[in-house]
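Colleague: I would like to learn how to read sheets, helix packing and backbone angles from a model. Could we take one case and go through it?

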Amino acid sequence: MEINIKEESGLKFAFPKKNTVVKFDDTRFYRAYFNKLPESKGVDFISADKNKIVFIEVKNCVGDEGNCRWRIVPNNQKRETTHTSVNIEGRDSLDIEVSQKIAMTIAALCGAKSFGDTKECLKELKSFIQFLSSDTFSGDSKKKYVILFLEGDFGGRTRTKKMIMKALQDSINKKLQWINCRVSVVDSDTYDPKIFQIVS
């Protein structure tokens, strides 16, 4: 399979060559326009082919699990009670953050579409705008994927990492009931290699 390599958080993601892929917050539209919105945020990657669109957020917590432990418990339940050495003001648990990033990414794509072909910087988003406008986007949830890639050693005596990822996935699912999509929380052992692969 021919591949398209993108890097995020010290990891290399290989996407099928037939896919259009962007690091969303590196796009010119994000930096020049969407970033003007206070507290704007977006997912790390958007990937699309003619059959599906994928929104991917990457959290590589390897080596920093202690400071991230409160973020893996849904709905900020541990934000006030977990000791951490980093400033957590204005930050949320991962289920809330990912859900907000999905909403804002889709809002940004709708905003980009409103300009038609009048802005040069929209070329890199054209495939995604077209997908959102197509009948395929109105199809079943298998056409729209939301993926949180969570790397780190989070398993413990009371909860396995699989249980932690399932709880985050269920919480993101609830928060994204407004969009017909398929939500997954995965790591380097459980991701779907047809969507992307981690390479060294």
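This is a predicted model: local features need pLDDT of at least 70, side-chain atom pairs count only at pLDDT 80 or more; totals for chains, interfaces and linings use all residues.

Colleague: Let us begin with the sheets. What is the order of the open sheet of five strands?

Modeller: In general, strands of a sheet pair through backbone hydrogen bonds, and the pairing is either parallel or antiparallel. Here the five strands run in the order β3-β4-β5-β6-β7, the sheet is open, and the pairing is mixed. At the edges are β3 (20-23) and β7, each of which pairs on one side only. From one strand to the next the twist averages 15°.

Colleague: In which sense does β6 pair with β5 and with β7?

Modeller: With strand β5 (residues 53-60) the pairing is parallel and extends over eight bridges. Strand β7 (residues 182-186) also pairs with β6 in the parallel sense, over five bridges. For individual positions, E57 stands opposite L148 in β6. Towards β7, V146 faces V183 and F149 faces V186.

Colleague: Is β6 mostly covered or mostly open to solvent?

Modeller: In a regular strand the side chains alternate between the two faces of the sheet, as a general rule. Strand β6 (residues 144-151) is mostly covered, with eight of its eight residues buried. One side carries K144, V146, L148 and L150, the other Y145, I147, F149 and E151, and both faces are covered. The charged residues K144 and E151 are thus listed among the buried ones.

Colleague: Which helices lie on this sheet, and how do they run?

Modeller: Helix α4 (residues 126-133) lies across β3, β4 and β5, and its direction is at about 115° to β3. Helix α5 packs on the sheet too, where it touches β6 and β7 and makes about 155° with the direction of β7.

Colleague: V43 is in a loop; where is that loop, and what is V43 in contact with?

Modeller: V43 is buried, at a relative accessible area of 0%. Beyond its neighbours within four places in sequence, V43 has contacts with F24, D25, F55, I56, E57, K101, I102 and T105. One of these, E57, is the residue that stands opposite L148 in β6. V43 and V146 are 103 residues apart in sequence, while their C-alpha atoms are 9.6 Å apart in space.

Colleague: Now the helices. At what angle do α3 and α5 pack, and how far apart are their axes?

Modeller: Two packed helices are described by the angle between their axes and the distance between the axes. For helix α3 (residues 94-113) and helix α5 (residues 161-175) the angle is about 40° and the axes are 9 Å apart. That angle makes α3 oblique to α5. The crossing of α3 past α5 is right-handed.

Colleague: Which residues make the contact of α3 with α5?

Modeller: From α3 the contact takes L94, D95, I96, V98 and S99, and from α5 it takes L168, S171, I172 and K175. By type, these residues divide into five nonpolar, two polar and two charged.

Colleague: Last, the backbone angles. What is the phi of S9, and what is the phi of N76?

Modeller: Most residues other than glycine have a negative phi. S9 is not a glycine, yet its phi is positive, about 55°. N76 is also a residue other than glycine with a positive phi, near 55°.

Colleague: Where do S9 and N76 lie, and is each buried or partly exposed?

Modeller: S9 is in the loop between β1 and β2, and its relative accessible area of 35% makes it partly exposed. N76 is in the loop between α2 (65-68) and α3. With a relative accessible area of 16%, N76 falls under the 20% cut-off, so N76 counts as buried.

Technical notes:
Residues are numbered from 1 along each chain as its sequence is written. Side-chain values use heavy atoms; hydrogens and water are left out. Axes are lines fitted to C-alpha atoms, for helices over the stretch in contact, and angles run from 0 to 180 degrees between N-to-C directions. Helices (H or I, at least four residues) and strands (E, at least two) are DSSP runs, numbered from the N terminus. Angles under 35 degrees count as roughly parallel, over 145 as roughly antiparallel, 65 to 115 as roughly perpendicular and the rest as oblique. A crossing is left-handed if the near helix is turned anticlockwise from the far one by less than a right angle, and right-handed if clockwise. Contact means heavy atoms within 4.5 Å. Buried means under 20% relative accessible area, exposed over 50%, partly exposed in between (1.4 Å probe, protein chains only). Two strands pair if DSSP finds at least two bridges between them.
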